[in-house]
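Open the model in your viewer and keep the selection panel at hand. The stops below go one element at a time.

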Amino acid sequence: MPMHPTRTPPHLLTLILLTGLSPMSLNMFLPSLANIADDLATDYATVSWAVSGYLGITAVIQLVIGPLSDRIGRRPVLLCALLVFAVASLGCVLAQDIRVFLFFRMLQGGIIAGYALSLAIVRDTRSEREAVSLIGYISMAMAVAPMLGPVLGGVLDTYFGWRSVFVFYTLCGCVLFTICWFDLGETRPDTSQGAGNPLVGTAMLLRAPLFWAYALCGAFSVGAFYIFLTGVPLVAQSAFGLTTAELGFYIGTITVGFMCGGFIAGRLGAQFDVTTIMIAGRVVACAGLLSGLGVLALGVTSPLAFFASTICVGVGNGITVPASNTGAMSVQPALAGSAAGLSGALIVAAGAILTAVTGNVLSGSGSAEILLVLMLAASGAGLCCAIWAAWLRPHQERAL
């Protein structure tokens, strides 16, 4: 696949930093929300738009930056996104009222380009199976950021105030911009069918059943994780009587599971077909949840048994998601940026819907069983989509 003759692909460490900064921009400042509300003389509900509004903006941004990168290249879009992120972070540091703060906070959403386009860059420079393996390893590193981000943010807020968190964001944006200026080579293929008009490329993908199979598999898989995050605080309190410290530990186990799954995808991604890996990951997730429901049906209410079953969702997602992302970008390799953006936006949208459903469905009575059933429904839907992709894949050219 031809690349720009004067550019070379970025190093793996650059891709890891690009993907890791995105989740840290979402959760690192969460311990500071109450302090931000006090300092800017607003209520907690208003300042929480810094989270919910940010997620909505990132979904929209992915729909734009993916096709744009297919048209003008990965390098200029990423450099621009990093520059905007650094400037927006500085704007948050200097903000003296909530409206200014939220405006710049929304601009920070451009950093989602680091995650989406890193996937496209991997697909640009690797074969399909090699891309699954590399994305699996990158996912392992990316999983560390959500665990470390709130801890580091809490320390910075405690000793230096909430604005220090956004100073940290500013420095990260500037440093990563510098690294990418020297290391981030252009990887977009020289000939991109449909890339001249972003709407044409997007329409091509949306008309491809195989793309939907891959993208929906990823969305339902990650959706099970969102369901877990939404419902587990209630389950921990009503079913198991866990303390907040114990809850924090158990919530972290699903992320550890994701890291293990990413390692498995990294080791096996180059050896098996992408749909085989997707199905394997979904089977692991569904089998774990079915086991958990079986244990609860026997009257065992141990939190260890419950969270052992949810760890399987983390492992299964770590196996499936690198493969589903790679598959979505392989439907039309010349439109890898558009595919990464579309599938990323779909994951955010599905997460929003599933979290809302979970919040409305769960109640104190029988919440553990209901939560596992909801997670199983999402994981099972992902399995169906993976099987659908395996059925469509031999007929890919005809389907397109």
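Predicted model: local features only at pLDDT ≥ 70, side-chain atom pairs only at ≥ 80, totals over all residues.

Now widen the selection to residues 303–330, the whole of H14. Its 28 residues reach 41 Å from first C-alpha to last, close to the 40 Å expected at 1.5 Å a residue. Of those 28 residues, 23 are buried, so H14 is largely enclosed by the rest of the structure. Step back to Ser302 at the start of the helix. A side-chain oxygen of Ser302 comes within 3.2 Å of the backbone nitrogen of Leu304.

Next, pick Tyr115 in helix H7, residues 112–125. Is Tyr115 buried or exposed? Its relative accessibility is 18%, under the 20% cut-off, so Tyr115 counts as buried. Leaving aside residues up to four places away in sequence, Tyr115 touches Leu18, Thr19, Ser22, Met142 and Asn325.

Stay in H7 and select Asp124. Its side chain meets that of Arg74 in a salt bridge, 2.8 Å from N to O. Arg74 lies in helix H5, so this pair ties together parts that are 50 residues apart in sequence. Relative accessibility is 0% for Arg74 and 4% for Asp124. Asp70 is buried too.

Last stop: Arg163 and Asp39. Their salt bridge has its closest N and O atoms 3.0 Å apart. Arg163 is in helix H9 and Asp39 in helix H2, so the pair connects parts 124 residues apart in sequence. Asp39 is partly exposed, at 43% relative accessibility. The model has five salt bridges in total.

Definitions and conventions. Residues numbered from 1 in each chain as written. Heavy atoms only, no water. Helix = DSSP H or I, 4+ residues; strand = E, 2+ residues; numbered from the N terminus. Buried < 20%, exposed > 50% of the residue type's maximum accessible area, 1.4 Å probe, protein only. Contact = heavy atoms within 4.5 Å. Expected span 1.5 Å × (residues − 1). Polar contact = N/O pair within 3.5 Å; in protein donor to acceptor, adjacent residues only side chain to side chain. Salt bridge = Lys/Arg side-chain N within 4 Å of Asp/Glu carboxyl O.
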